[in-house]
Amino acid sequence: MSALAVSGVSKRFGSLQVLRDINLSLEKGQMLALIGRSGSGKSTLLRCMNGLERIDAGHITIGGHALSYAPAALRRLRQDVGIVFQAYNLFPHLTVGRNIMLAPRLVLRWPSARAEARAREVLATVGLSEKFDAYPNQLSGGQQQRVAIARSLAMAPQVMLFDEVTSALDPELTGEVLITMENLARSGMTMVLVTHEMSFARSIAHIVAFMHDGRIHEIAPAKDLFARPRTEELRRFLSSTL
Amino acid sequence: MTYQFQFGAVFARAELLIDGFLLTLQLTVLTGLIGLILGLSCAVIRTYGPRPARMAVATYVEIFRNTPFLVQLFLIFFGIPEIGKTFGLRWLPSPYMAGLAALSVNIGAYATEIIRAGLQSVHRSQVEAAESLGLTRWQVIRYVILPPALRNVYPALSSEFILLMLGTSVVSVISVEELTGTANLIQSETYRTFETYALIWVIYFALALVLKGILDAIAARFIGRQKPPPAAAGAAHA
């Protein structure tokens, strides 16, 4: 069974049609990169996958859950689908350790000791073991983003979504986040990312979808898509970004 | 012409003054606690509750913030028992209970607005992050929104608390014998009007300073350890 199946998804914001009949599927352990210009609908599509935005038509199945907006069903889906945001969105009043422990304690109802052990484990995975007691505002942007990845990882999700996670970072800090994501991909995590990092998408993603005007304009294995763009729009997009 | 200051007559009634002072303190602390709980609940309902509940809270807040406290006090102390009588209820609040109730609902309305501003200061992205981890609505409010919200409005809440303490003096008009009420009594017995009011004036001032010191110490202990978080989580680059 695929880890992600999107079929016939459409969405509009008022009079603006942002997604038009989107169809996608992704196997377990694969990475899908969504690329395209600003406003092409790629972030909206990603946010629809864990119910942060509502779809108007179509179906989404992700991490073994059919997307539904009933609160309890949506919470169960979100336990299995992590998301990392452009602005990190760490909780500023909690230490790094407590940021990570919050969901395992409240959602999975783990005792404190078990949640702490898990937090230390995932912090080690992103290489920030020594930051357990630091507050978010004591960390660099790259470190904060790695903590945000660890926070999602602590829930042991089936699928992880990444919404332009390096776009807010200074260029010298993007590398550490990309390496963390690459390691995650190698460990077999199913990942969907919206990204402007073309070289990362080309070298790490299995499938790349180019979105244009609310549609999936082209979708192909990463190497083919970049080497042989079939449409004029993608050719123009690639020449403007590379 | 010279005025002969005679504090002696006032000091002779120090025991009365101490009782009054203690009642002022008691009214302040009780009202502060009730007002805080009321404000917290109403702010959460006003922000996240269902529409009818939001409207009800908004009405309460606007009514109590846009009418004089003295009139609210009279309504509760004199007015409500009158209405009760026509329905056969023989409820007569003591001046103390009426004062406590009026102060509490009044401060509750102000606290609601202050705390609501705090809730709104927590960025939507925080809520999205928490919901995306599978937290329930209530867990998001309790663990993600309220702590930074209260931290953000703590200075406003603590100055409101000082204003509340000073405001307790008004309930002396319905003969609650707190500090001002006691002073009214003493000056009518001793005719040392200036001395009496000057003395409680100093006591109020000292109490305000002490309370402010305590509130600042609480802030330093629980909030000062960490710098206030940047407004936008994404803005921090070390």
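Colleague: Which side chain of chain B meets Arg47(A) in a salt bridge?
Modeller: A salt bridge here is a side-chain nitrogen of Lys or Arg within 4 Å of a carboxyl oxygen of Asp or Glu. In this predicted model, the N to O distance for the pair is 2.6 Å. The partner of Arg47(A) is Glu128(B).

Colleague: What pLDDT do side-chain atom pairs need in this predicted model?
Modeller: Residues are numbered from 1 along each chain as its sequence is written, while chains are lettered from A and ligands numbered from 1 in the order in which they are written. Side-chain values use heavy atoms, leaving out hydrogens and water, and as this is a predicted model, totals for chains, interfaces and linings use all residues, local features need pLDDT of at least 70, and side-chain atom pairs count only at pLDDT 80 or more.

Colleague: Are Glu128(B) and Arg47(A) buried or exposed?
Modeller: Buried means under 20% relative accessible area, exposed over 50%, and partly exposed in between (1.4 Å probe, protein chains only). By that rule, both Glu128(B) and Arg47(A) are buried.

Colleague: What is the N to O distance between Arg47(A) and Glu53(A)?
Modeller: Side chains of opposite charge can pair when their charged atoms come close. Arg47(A) and Glu53(A) meet in a salt bridge, at 3.2 Å.

Colleague: How many salt bridges are there between chain B and chain A?
Modeller: Over all chains, the whole structure has 15 salt bridges. For chain B with chain A, the count is one.

Colleague: Which element gives the most residues to the side of chain B that touches chain A?
Modeller: Contact means heavy atoms within 4.5 Å. On that basis 27 residues of chain B meet 33 residues of chain A. Across the interface there are six residue pairs in polar contact, both at pLDDT 80 or more; such a contact is a pair of N or O atoms within 3.5 Å, where within protein one must be able to donate a hydrogen and the other to accept it, and residues adjacent in sequence count only if both atoms are side-chain atoms. With seven residues on that side of chain B, the top contributor is α6(B).

Colleague: How much area is buried between chain B and chain A?
Modeller: Buried area is the accessible area (1.4 Å probe) that two parts lose on being put together, summed over both. Carbon and sulfur atoms give 60% of it. The total is about 2,500 Å².

Colleague: What separates Glu121(A) and Arg118(A) along helix α4 of chain A?
Modeller: The two form a salt bridge, with the closest N and O atoms 3.0 Å apart. Glu121(A) is partly exposed at 46%, whereas Arg118(A) is buried at 17%. They are three residues apart in α4 (residues 112-125), so the separation is about one helical turn.

Colleague: How far apart are the end C-alpha atoms of helix α9 of chain B?
Modeller: The expected span is 1.5 Å times one less than the number of residues. The 30 residues of α9(B), 193-222, should therefore span 44 Å. The model agrees, at 43 Å.

Colleague: Which elements of chain B do the buried residues of α9(B) pack against?
Modeller: Those buried residues include Leu199(B), Tyr204(B) and Leu211(B). Their partners are α1 (8-11), α2 (14-48), α7 (137-167) and α8 (179-190) of chain B.

Colleague: What is the relative accessible area of Thr31(B)?
Modeller: Thr31(B) lies in α2(B). Beyond four places away in sequence, Thr31(B) touches Leu100(B), Leu103(B), Ser104(B), Ile107(B) and Leu164(B). Thr31(B) counts as buried, at 0%.

Colleague: Which side chain makes a polar contact with that of Thr231(A)?
Modeller: Thr231(A) lies in the loop between α8 (222-227) and α9 (232-241) of chain A. Thr231(A) is buried, at 18%. At 2.6 Å, the polar partner is Glu218(A).

Terms used
Helices (H or I, at least four residues) and strands (E, at least two) are DSSP runs, numbered from the N terminus.
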